[in-house]
Amino acid sequence: MKLIHTADWHLGKYLEGWSRLEEQESFIEELIGIVEENEVDMVLVTGDIFDTTNPSAEAERLFYHAVDELSRGGERIVCIISGNHDSPNRLTAPVPLVQRQGIFVMDYLHKTTYLLEHDYAVDFGPGYIEFDIKGENVVLTAIPYPSESRLKQIISDISDERVLQEKYSVKVGEIFSELEKHYRDDTINIAMSHLFVAGGQSSKSERPIHIGGSMTVFTDHLPQKSQYMALGHLHKYQIASVAKNAYYSGSPIQYSLSEKDHIKSVNLVELHPGEEAKINQLELKNEKPLEVWEVEGIDNAISIIKENKNRPVWAYLHIKTEKTLLQSEIKKIKELKPDILSIIPVTEGQDDLDDYRGQVDDLDIMELFKEYYRKTNEVGVDDQIMEMFADIVNERGI
């Protein structure tokens, strides 16, 4: 049995006010081609389908087109869970229709929202489905983004960050352990979830799951018996645990400047009962890469823009200059190439470009807010204000 693992599509996402929908459409068509070419039996999408809980009509249309093509009219299984950007209610709303096409939205820990309407689905319950695929039985377990409310736990009143983190990780581990009881020696055993595993490498486009890393899962609490674990949330392709075969497929598109050096990909996984998973990272095309152009002076800036005028690229332009840029110069740059995302003048007396860039790249939005608050108020920010700011970030999808 072969599957494709993908995650963090963030359909409808913008970059500095610019839509990424065209690039997302290209990715979906490429993904459909990969699935067909490799004769894949199952597609796993591990959360953050949309960028906000209230996506645009265009983003939803692209999603329905994607799963319709991937399922091939019910011939191929597509399994989906929500991430911290998604609304579980929105994802599960079309279940009565989409499940007829082999599309399963496994989005609640304590109840089942899918029915057995296909010959290949032989058993199910909260958090798991057993499939018959080409004579091999597959047990798929799933934990969608396990927020405090979805875990039905009140743990935010714990003040000790270490105690809070341990309690959260243990709880998630207990759920995995319970779901693993459905695994058997004669089945292909797969797990999927959307969470932050301790030690993972973040990028700046990921909305923080929780302040201070309290909603972190340690590798000891990941499933013990799954042959492959498909993870979502982190945008960089990475192995969360070699011993547990736990992988982040990463996002399919570079969603922030911190991802400009990321190779985007999906995982092709071949599995058989009782055998080691064969995992192959398939690199995706980068239709419109993110780049930083560092130049000396406005004339060199104009020159590099003209050289790349017709090239599909999102550019951050850093201009080392001894004078303030005129509005007319900025206007000319934008007219030559509208998809320059920012123009940053670095004047004499400022730190060099590496230091300037590092000040921003090394901080996520929470750390940037802390630094801004400290410089503005000359005191550190307390936990209550940080909690309020995190709520605003999560609500608005910043």
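Predicted model: local features only at pLDDT ≥ 70, side-chain atom pairs only at ≥ 80, totals over all residues.
Let me start with Lys-288, which forms a salt bridge with Asp-339, the closest N and O atoms being 2.9 Å apart; by salt bridge I mean a side-chain nitrogen of Lys or Arg within 4 Å of a carboxyl oxygen of Asp or Glu. Lys-288 sits in the loop between strand S17 (278-283) and strand S18 (290-296), and Asp-339 in the loop between helix H7 (327-336) and strand S20 (340-347), so the pair ties together parts that are 51 residues apart in sequence. Helices here are DSSP runs of H or I with at least four residues, strands are runs of E with at least two, and both are numbered from the N terminus. Both Lys-288 and Asp-339 are buried, where buried means under 20% relative accessible area, exposed means over 50%, and partly exposed is what lies in between, with a 1.4 Å probe and protein chains only.

Residues are numbered from 1 along each chain as its sequence is written, and side-chain values use heavy atoms, with hydrogens and water left out.

Searching the whole structure gives 17 salt bridges. One of them joins the side chains of Lys-134 and Asp-41, at 3.0 Å from N to O. Since Lys-134 lies in the loop between strand S8 (128-133) and strand S9 (136-143), and Asp-41 in the loop between H1 and S4, this pair ties together parts that are 93 residues apart in sequence. Another salt bridge is that of Asp-261 with Lys-260, at 3.5 Å from N to O; here Asp-261 is exposed, with 64% relative accessible area, and Lys-260 counts as partly exposed because its relative accessibility is 29%.

As background, nonpolar side chains in soluble globular proteins tend to be buried together.

Ile-49 itself is placed in the loop between S4 and H2, and it counts as buried because its relative accessible area is 0%. Its C-alpha atom is separated by 9.5 Å from that of Glu-60, a residue 11 positions apart from Ile-49 along the chain.

What of the surface? Glu-22, Glu-25, Glu-29, Asp-68, Glu-69 and Glu-287 form a negative surface patch. A patch is made of residues with over 30% relative accessible area and no salt bridge, like charges being joined within 9 Å and nonpolar side chains (Val, Leu, Ile, Met, Phe, Trp, Tyr) within 5 Å. Helix H1 (21-37) and helix H2 (57-71) each supply at least two residues of the negative patch, and its largest share, three residues, comes from H1. Glu-22 is placed in helix H1 and counts as exposed because its relative accessibility is 65%.

Finally, some loop residues. Which value does phi take at Asp-8? Phi there is positive, about 55 degrees, although Asp-8 is not a glycine. Asp-8 is found in the loop between strand S1 (2-6) and strand S2 (14-15), and it is buried, with a relative accessible area of 0%. Asn-245, which is likewise not a glycine, has a positive phi near 50 degrees; its place is in the loop between strand S14 (238-241) and strand S15 (246-248), and at 15% relative accessibility Asn-245 counts as buried. His-221, in the loop between strand S12 (216-217) and strand S13 (228-232), also counts as buried, at 19%, and its C-alpha atom is separated by 8.7 Å from that of Lys-171, 50 residues apart along the chain.

Definitions and conventions: Areas by Shrake-Rupley, 256 points an atom, 1.4 Å probe, with all protein chains shown as cover. Lys, Arg positive; Asp, Glu negative; His and termini not counted. Charge placed at Lys NZ, Arg CZ, Asp CG, Glu CD.
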